[in-house]
Amino acid sequence: MLCLLLIVTLCFRLGERTHSLWDFLMSEKQNYLNPFYKPSYSEAHPVLEPSTLPYHFKFWRNMYHQFDRSMHPRQSILKTILTLKENSRKAESELQALET
């Protein structure tokens, strides 16, 4: 596989025809610098180093495994809408009771 990659690279002269993005970025460096960055601030406030211990992780259910039905039960959209509608009705009736 490595041999084939080398042959393809040499035959198509990819090294000569491929341009580096870094050359462009470094030539336009002023356009990409953060104007609010202050080295003195970063010395006084070092980079955050969060704990990576397993018990500090919280499983973000809505993001990970959202399509895996075996991971957790999901409510149907209809049930969610009906619940919201019922809560809205209750809040309106409570508001009317407070106004009278």
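Modeller: Let's start at Val8, which counts as partly exposed because its relative accessibility is 33%, and that label covers the range between buried, under 20% relative accessible area, and exposed, over 50% (1.4 Å probe, protein chains only). Bear in mind that this is a predicted model, where local features need pLDDT of at least 70, side-chain atom pairs count only at pLDDT 80 or more, and totals for chains, interfaces and linings use all residues. Residues are numbered from 1 along each chain as its sequence is written, and side-chain values use heavy atoms, with hydrogens and water left out.

Val8 sits in helix α1, residues 2-11; helices here are DSSP runs of H or I with at least four residues, strands are runs of E with at least two, and numbering goes from the N terminus. Together with Leu4 and Phe12, Val8 makes up a nonpolar patch on the surface, with about 280 Å² of accessible area between them. A patch takes residues with over 30% relative accessible area and no salt bridge, joining nonpolar side chains (Val, Leu, Ile, Met, Phe, Trp, Tyr) within 5 Å and like charges within 9 Å. The areas are Shrake-Rupley values with a 1.4 Å probe, and for residues only the protein chains shown count as cover.

Now zoom out: the protein chain has six helices and zero strands. Of its 100 residues, 1% count as buried. The chain exposes about 10700 Å², with carbon and sulfur atoms supplying 64% of that.

As for salt bridges (a side-chain nitrogen of Lys or Arg within 4 Å of a carboxyl oxygen of Asp or Glu), the count is one. Arg89 and Glu86 form it, at 2.5 Å from N to O. Both lie in helix α6 (residues 77-99), three residues apart, about one turn of the helix. Arg89 is partly exposed at 47% relative accessibility, and Glu86 is partly exposed too, at 31%.
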